[in-house]
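Hi everyone, thanks for coming.

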Amino acid sequence: MMLRAAVLAWALALAVPSFSADTKPAATFEQVSRAAKAARDQNQDAEAIRLFRQGLRLKPDWDEGLWYLGTLLYEKEEFAEARDLLRHFVAQNPKSGPGWAILALSEYHTREYQRSLEHLQRCQTYGVGDRKELADSVFYVVAVLLTRLEQYDDAMTLLFQLRSAGQAEANIIEPLGLAALRMPLLPAEIPQDRRPMIRMAGAGALALEGQHREEAEQKFRDMTAAYPDEPGVHFLLGAFLLDERPENGISEMKRELEISPSHLAARLRLAQEYIRQQNFGAALPLAQQALELDPKDPSAHMVLGETLVGKGGLTAGIHELETARDLAPDLTRIRWDLVRAYTAADRGEDAQREKQEIEKLNQQNAKPE
Amino acid sequence: MVWALTLFLVLPFAEPPQTTGTRPSFSELARQADEARSADKLPDAIRLYREAVRQRPGWSEGWWWLGSIYYEQDRFPEAQESFRHFVATSPDATAAYAFLGLCEYETRHFDAARRYFSQWALKGSPGDDRLIEVAFFHWALLLTQEGRFPQALFLLQKAAEQHGPNPLLIEAMGLAWLQMRHIPEDYPPEQREMVWLAGSAAVFASRSDFARTQEYAARLVAHYGDRSNVHYFRGMMYSFNSQLEEAEAEFRKELDVTPAHASAMIQLALAQYFSSSQLSEARDFAQKATALEPKNPLGHYALGTILLAQGEAQQSAQELELAAKLAPADAKVHLQLGRAYKKLGRTKDFEHEMAVFTAMKDKQNVFATPEEKLQGLPKNMEQVK
């Protein structure tokens, strides 16, 4: 509701100069459109809706009519009709960020989640100007939809950005908890019996992001104590502990893999810890199993490559690292791995090429947005 | 996998005939419309095609492009209107029925969508791979909504085998497996996790990844074991992995939760029959199932098969005849019916059923259209229900 109110307030703020109200029967398009806009300016929503509809019957491609009727209907929670009008609107105004935004939000309400996400991302391409409230709404919905569509890491990145931009913690905790626990649900779809668990995961992740490490550990420990058999909880505690007390972190990761053997991130994180400890024998089966779980995951290829190189299998290791690089060309860590591996294999030119690519990536990342 | 279609299918159309006049001629409009479309100036293309088909309503190519552009823009009511004109002006417009089905789905005219998909299937499901994939997916959603779960799963199975886990496919399979008569846009939000867990298990099962199947199925049972269909579902997942004892235990648990679960009874009947242990219990289960769901062909098939094993060929033939009537394209029913006739000494009927079985079996494997396959429970879906 808060979101819809913000949208309407913003749509009304765009109102063109007002015209005198003319609610007499109007025969021409000009008369109808003038009367519709006047009714809208005077907050006579029902009359404005009737007149915009009449105007669109006379001139179906009327941009202002499509836009204002679409936003008015959105406010009235007539999402399906708003959606159809806004689809027409953006077809004629494909670079209208706000158009894509309200369309996508309508689709969110009609539960067409994949389309909604695609259109929100298009909105992000074109922007919504300085309308911060709308931009925040767009970011928030993108984040929850990314989780719903199982793109958890991207969702978490966005949610942390939202928090940094001032979004209230209360709005972030549940979406963050869902993404952290890899549960593809909207906040409204959370099962009641596990809402506290999801909130603990979200609060722990937020505390960690804010460098409140003691608080984060406490949240994660409370969560694992209350829900010891739930997938994802030991992974979160384990990931935290690997940075603090690695042996305890390893135990938690192993517990996670007993509960959810297909937890790709847990398998990879544990393998990386073994690589850090130069224990390549322990890392190898984990990396291989991770790759079996998702043969297209660049991190799985990277970790396997690092393991193989560590064990002295340069050729096979380089092959895996090259696959990882091709899948995720912007990840500099993979390219640094390759520089070291090429150097060890006396492939100086290849190492040099990777260094140049790293330089390019660093320059790109350093550019102001 | 992307379920939304991007389409600009090239169809072999004749050049529009030339006309003359002071206002833009039809051929000039058609040329400009094509140019605008090629240049991705879609609002202009729409305006020009609209004007061209206004001048010449029988110009099917114009309707096709208009429908395609609208569809591309998700403007389904307008696309629907254009494809209807296209179908009316182009008698061989077979692939357009799939688009019409998709437009009707998007505008929530579900009965009309079902009709168009059926028409499309009867014409051999023409179209490119992406259209076929998208159309079958949406048809499967409608079959689930209609309560035709095995048929829905038959269509979803191929996509799952091909593409593996995908959020939309997972949701569709979850709904069908849990026998929830909903489309993804309208089921209760509190059931989302249950649908996701079942769908994930089912997608991994379709790829023979039984370790992950059981991981998700165990989570499903842990949280939703008191809901109808959940133990039945887990039993089916065990069956797929040939864990028959575990499967049987789950079917029995399903009967604790849902005492009138006919599908669980049928599975228990077949399990008892195949293990040759308890034919009388198998018969009880099958009889109860057919009483509960007299139109379920698998129940009659199970009962007929068990009766035959017990030497009651006459009653067996009656049950199998019923099964054959309800699922005429199911090869295994004809095979069993033939065996019953043989026992009864009805040689001609036996030979006829065996011939049907042979033809049907080959046809199911090679020639059957999806519509034909959907008439009954195909052989490779024996365990679905």
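In chain B, 49% of the contacts with a separation of 6 or more are between residues 24 or more positions apart. Two residues are in contact if their C-beta atoms, placed from the backbone, lie within 7 Å. This is a predicted model, where local features need pLDDT of at least 70, side-chain atom pairs count only at pLDDT 80 or more, and totals for chains, interfaces and linings use all residues. Residues are numbered from 1 along each chain as its sequence is written, while chains are lettered from A and ligands numbered from 1 in the order in which they are written.

Staying with chain B, there are 20 helices and 0 strands. Those words refer to DSSP runs numbered from the N terminus: H or I of at least four residues for helices, E of at least two for strands. Of the 385 residues in chain B, 50% are buried. Buried means 20 or more other C-beta atoms within 10 Å of the residue's own, exposed means 12 or fewer, and partly exposed is in between, again with C-beta atoms placed from the backbone.

Now let's look at one helix pair. How do H7(B) and H8(B) pack? Helix H7 (residues 129-146) and helix H8 (residues 149-163) of chain B meet at an angle of about 155°, and their axes are 8 Å apart. The axes are lines fitted to C-alpha atoms, for helices over the stretch in contact, and angles run from 0 to 180 degrees between N-to-C directions. H7(B) and H8(B) are therefore roughly antiparallel; angles over 145 degrees get that name, with under 35 roughly parallel, 65 to 115 roughly perpendicular and the rest oblique. Residues making this contact include B:Phe136 and B:Leu143 of H7(B), and B:Leu155 and B:Ala159 of H8(B). By class, the contact has 10 nonpolar, 2 polar and 1 charged residues. Here Ala, Val, Leu, Ile, Met, Phe, Trp, Tyr, Cys and Pro count as nonpolar, Asp, Glu, Lys and Arg as charged, and the others, Gly among them, as polar.

Next, the two chains together. Their contact takes 21 residues from chain A and 20 residues from chain B. On the chain A side, H5(A) gives the largest share, 5 residues.

Let's finish on one residue. B:Arg75 sits in the loop between helix H3 (60-72) and helix H4 (76-89) of chain B. Is B:Arg75 buried or exposed? B:Arg75 is buried, because 21 other C-beta atoms lie within 10 Å. Leaving aside neighbours within four places in sequence, B:Arg75 is in contact with A:Arg87, A:His88, A:Ala91 and B:Tyr70.
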